[in-house]
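Thanks for passing this one along.

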Amino acid sequence: MRYRILLDLDNQLFTAVDINNSNRFGNGTTIEKAIANLKLAA
């Protein structure tokens with residue numbers, strides 16, 4: 001799975017977004033947690 005990582009600086013929250021489907025994403029306090037949550041959403 002390919003994804004991009006975003007960082008919300010106000011909330012210090014990472015978001016991993018599936019490159020092929022922007023409706024699939026995962027959030028987390030670390031990049032690793034965001035990716036894990038993205039994989040759970042798949």
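1. Does D18 count as buried or exposed? At 6% relative accessibility, D18 counts as buried (buried is under 20% relative accessible area, exposed over 50%, partly exposed in between, with a 1.4 Å probe and protein chains only). R24, by contrast, counts as partly exposed at 25%.

2. A word on provenance. This is a predicted model, in which local features need pLDDT of at least 70 and side-chain atom pairs count only at pLDDT 80 or more, while totals for chains, interfaces and linings use all residues. Residues are numbered from 1 along each chain as its sequence is written, and side-chain values use heavy atoms, with hydrogens and water left out.

3. D18 and R24 belong together: their side chains meet in a salt bridge, at 3.1 Å from N to O. The rule asks for a side-chain nitrogen of Lys or Arg within 4 Å of a carboxyl oxygen of Asp or Glu, and by it the count comes to 1 salt bridge. Side chains of opposite charge can pair when their charged atoms come close.

4. Now the sheet. It is open, with 3 strands in the order β1-β2-β3 and antiparallel pairing. β1 (3-8) and β3 (25-28) are the edge strands, each pairing on one side only. The twist averages 20° from one strand to the next. Helices (H or I, at least four residues) and strands (E, at least two) are DSSP runs numbered from the N terminus, and two strands pair if DSSP finds at least two bridges between them.

5. For the individual pairings, β1 and β2 are joined antiparallel over 6 bridges, with Y3 opposite D18 in β2. Their hairpin has 4 residues between the strands, and Q12 there takes a positive phi near 50°. Strand β2 (residues 13-18) also pairs antiparallel with β3, over 4 bridges, and F14 stands opposite G28 in β3.

6. Helix α1 (residues 31-41) packs on the sheet and touches β1, β2 and β3; its direction makes about 145° with that of β3. Contact means heavy atoms within 4.5 Å; axes are lines fitted to C-alpha atoms, for helices over the stretch in contact, and angles run from 0 to 180 degrees between N-to-C directions.

7. Finally, the largest nonpolar core has 5 residues: F14, A16, A34, I35 and L38. Such a core is a set of buried Ala, Val, Leu, Ile, Met, Phe, Trp, Tyr and Cys residues joined through side-chain atoms within 4.5 Å. Its largest share, 3 residues, comes from α1. Beyond its neighbours within four places in sequence, A16 has contacts including R24, F25, A34 and L38.
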